[in-house]
Structures are given as structure tokens and as C-alpha cells.
Amino acid sequence: MSSTELPSVPAANVLPKVAPVRVEEGERLRSVGLPGMTLTVRSRPPRREGLPPALYVHGLGGSSQNWSALIALLDGLVDSEALDLPGFGDSPPPDDGDYSVTGHARAVIRYLDAAERGPVHLFGNSLGGAVATRVAAVRPDLVRTLTLVSPALPEIFVQRGAVPTGLLALPGVAALFTRYTKGWTAEQRVLGVTALCYGDPGRVTPEGFRNAVEEMERRLRLPYFWDAMARSARGIVNAYTLGGQHSLWRQAERVLAPTLLVYGGRDQLVAFRMAQRAARAFRDSRLLTLPEAGHVAMMEYPDLVARSFRELLADSGELPEGASVRDSGAVQGGFESGGAGAGS
């Protein structure tokens, strides 16, 4: 039994009464029961019928809320849904306690198979980028295009900012950190997260900061919060060590879907230098580099990511009839077409 397959407390026994998850205007939440798990799905009713489906997968410690700004900008272009991975957002822990990258990918695949929404335009950020890569590699029938924002793909020399995530994966560290930070306020925790994840924390609006604090307070009341964090961090570390056909880089090479890669020049968690390697690994890739962005470009510069996604659809013949590639403004970063021929 691997470290990501340790038994956990059944979800039914750990669900406390906490404040409801925030829902932006025009969004709705629903709960979907699947074998071994229950997932919360955030959606925005499409502006018109017949739009192609899209699915968004968040990163470690995140939730479907991380995609709200981008989803709003893509309204009228795709029919958007965003998942809360098991143990995150408003989704309870999985019954088997499997927080590995493969386990999270299994959750995405089970949802798509059950909903019969595939193939979808699949988005992933950080951990969600690794998950989306695995889904696209093993189930190409479920993916139309792939958009990865700072995907957590294996690095030999990890960023200094990613070291705490690696340490969190060690047994007992989560408990130690919980005790050490017991006196920290939700405001202090959110300040730390934004400083780590944003290229410029000043881009967070006062309202956005208040909402983040509210969500942090909610999460800290969940008794499984740190367990889900630690086990998912362990899952990332384990995925980095896999070789052969299960290597994430090998699976990236197997992805058939047209792929948009988004990297931030100020990312403290995923090295900017990995952008060119990723562009070479994915056979049909486009690379968007945003020098001022950090780890969550879809939250920092959603208009630029939306614009590049429209260009991806136009290039790959997936742009819906009547949609314009110019609807989201001009891209103010570097945009290249790549794949195996991309230069370094």
C-alpha cells in the first residue's frame, strides 16, 4: 500500500457544519454522487444552447472558485463546469483516501463518464495541470483541447517556494505545522498564500481578499483539511518520482489534443524555465508566457488567458460558429506555437 493509499476516515463521519461555499452571481453549485466519492460541481448556465463543454480542475489547496473569473470571460464560448476535487472546496474526502494524481484523475474521468459531457475543453492549474495531463493521456476520447496553467510537471531542481509543499508530504509534518500555526489568523494565512501564488499580490482587490479570508475560515473548520493537503502533496511528490510509461513527461508526449501552456515569469512554485520543456513535450502546443504573472495566471490575468484560449480554438478549428477571437482583448505576453519543434 503506497503512501497515497492509506485508509482515511469515511467521508460521512467527517462532514462538519460549516459556512456555505461562496457562489458568484450567475453561478450555481450541485453535488454529484459517484462510486467512492461525491463531487461538488460549479457551473455557469451557458449564454446559448449548443456550446461545447469545458471542465476546469484546480490546484493544491484551491477549489473551483479559482476559475470563476475565467469562466465568466468564456461565457458564450463554452459551457463551463469546474470541479472541487475530493477533499477540497465543498467536496468531501474520497472513500478510499486516495489523493494521488492518479486518484484525482480517476475522479475527473468518473465524472466525465457519468455526465456524458466528453469530449471537453479541459483546463488545469498546478496539481490540476498534472491531473489534466494524465486524463488527456489515458482518455484522449474525453478531451477536445487542453489548457494548462503552471502545470505541476516533474522538475529536478524545484523552486524554493515549492519546498514547503514537499515537506508537507512527509509524515507528521502537517500535524507539526498545524500546531505551529495555531495562532495565525485567517488574514495572515491568506496574505501568505497570495504572496506565494501571485506575481503581484496588489492585484487582489479588497473584496477578493475578504472573500478569500472567508473561505480560509471555512476550510480551517474542516477536520480533514490538512489531511487532504498532506496526502495530495504526497501524491505530487510521488508522481514526480514515477518513471516509464507512468511518468508525467512521458504522458505529456502522448497527449493528442491541441494544448495551450500558460507560464508566469514570477511563479514561485513552478519554474518559468520549464515552459520550453513543456512546449517540446506536448506535440501540438502553444505557449503563452506572462512575465508579470505568478502561479495562478487565470486569476491574475484572466482576460489574457481567455484571449489565448480563443486563439487556441481558432487555430484548432474548435471555435464555435459566431464566436470571435477578439472578444477578450489583446494578449500582452509572449505567445508561440510549439510542440516538438518549439525552440528553447
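S150 is buried, having a relative accessible area of 1%; buried means under 20% relative accessible area with a 1.4 Å probe, protein chains only. S150 sits in the loop between strand 6 (143-149) and helix 4 (163-168). Helices (H or I, at least four residues) and strands (E, at least two) are DSSP runs, numbered from the N terminus. The phi of S150 is positive, near 45°, although the residue is not glycine.

The model is predicted: local features need pLDDT of at least 70, side-chain atom pairs count only at pLDDT 80 or more, and totals for chains, interfaces and linings use all residues. Residues are numbered from 1 along each chain as its sequence is written, and side-chain values use heavy atoms, with hydrogens and water left out.

Most residues other than glycine have a negative phi, and most peptide bonds are trans. S126 also has a positive phi, of about 55°, and is not a glycine. This residue, S126, belongs to the loop between strand 5 and helix 3. S126 counts as buried because its relative accessibility is 11%. A cis peptide bond, with omega about 0°, joins G118 and P119. P119 is in the loop between helix 2 and strand 5 (120-125).

Helix 2 covers residues 101-115. Its 15 residues reach 21 Å from first C-alpha to last, close to the 21 Å expected at 1.5 Å a residue, where the expected span is 1.5 Å times one less than the number of residues. Among the buried residues of helix 2 are V101, H104, A105, V108 and I109. E116, with a positive phi near 55°, follows the helix.

Two packed helices are described by the angle between their axes and the distance between the axes. Helix 2 packs against helix 3 (residues 127-138) at about 65°, with the axes 9 Å apart; axes are lines fitted to C-alpha atoms, for helices over the stretch in contact, and angles run from 0 to 180 degrees between N-to-C directions. V101, T102, H104, A105, V108 and I109 of helix 2 meet L127, A130, V131, R134, V135 and V138 of helix 3, contact being heavy atoms within 4.5 Å.

E81 lies in strand 4 (residues 79-84). At 6% relative accessibility, E81 counts as buried. Beyond its neighbours within four places in sequence, E81 is in contact with residues including R30, Y56, Y111 and R117. Y111 is also one of the buried residues of helix 2.

How values were computed
Buried means under 20% relative accessible area, exposed over 50%, partly exposed in between (1.4 Å probe, protein chains only).
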